Amino acid sequence: MADDTAFSAFLSDEDATLAFGRQLAQVLAPGMVVFLEGNLGAGKTTLTRGILRGFGFEGRVKSPTYTLVEPYSLLGLKPDSNLYFYHFDLYRFNDPSEWEDAGFREYFNAESICLIEWADQASGQLPAPDWIIQLRPEGEGRQLLLCATSELGQTCQNALTLAAK
């Protein structure tokens, strides 16, 4: 995914990861699908928590490792917000066909944002992502690389790039 048009950032610690997640919430659009990649402990759930905080969600945010999906209603948290946010973790899938059996396809619609960890576990079953975000440990922090893979994703990435300047 090393791409000249990718957005990258060094996140020095957990607070920086949460803050960047809040920044991402400002540019995510309804209907987006985001693949979140990184090893165990790379900060995927921390980034997700930051995104949800950016949307105004103050409740508990936990990894969906055992539940497969954690749904969050963002209705009314911001003016004109009618969004649902779904955080998937497919680490425990043994076969991509488990995606179809789980019945999650209906979660992907124009009123939701779907963030998926371990998307490769359902290879060929998922909708195409708008963004792929990679997190890699680097020193005491982590390196984030965001690549847009659709027109909507590119529009949102452009807004992020402008906001970061």
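Where α1 begins, the backbone nitrogen of Asp-15 has a side-chain oxygen of Asp-13 within 3.2 Å. Such a polar contact is a pair of N or O atoms within 3.5 Å; within protein, one must be able to donate a hydrogen and the other to accept it, and residues adjacent in sequence count only if both atoms are side-chain atoms. This is a predicted model, in which local features need pLDDT of at least 70, side-chain atom pairs count only at pLDDT 80 or more, and totals for chains, interfaces and linings use all residues. Residues are numbered from 1 along each chain as its sequence is written, and side-chain values use heavy atoms, without hydrogens and water.

How far does helix α1 span? It has 12 residues, 14-25. At 1.5 Å a residue (times one less than the number of residues) they should span 16 Å, and the end C-alpha atoms are 17 Å apart, which agrees.

Thr-17, Leu-18, Phe-20, Gly-21, Leu-24 and Ala-25 of α1 are buried, meaning under 20% relative accessible area (1.4 Å probe, protein chains only). Seen down the axis of α1, these buried residues fall within an arc of 165°, so they line one face of the helix. The arc is taken from the directions from the helix axis to the C-beta atoms.

Now to strand β7, residues 141-148, which holds Gln-143. Gln-143 counts as buried because its relative accessibility is 15%. A polar atom of its side chain lies 3.2 Å from the backbone oxygen of Ala-9. Leaving out residues up to four places away in sequence, Gln-143 touches (heavy atoms within 4.5 Å) Ser-8, Ala-9, Phe-10, Gln-134, Leu-135, Arg-136 and Glu-138.

How values were computed: Helix = DSSP H or I, 4+ residues; strand = E, 2+ residues; numbered from the N terminus. Buried < 20%, exposed > 50% of the residue type's maximum accessible area, 1.4 Å probe, protein only.
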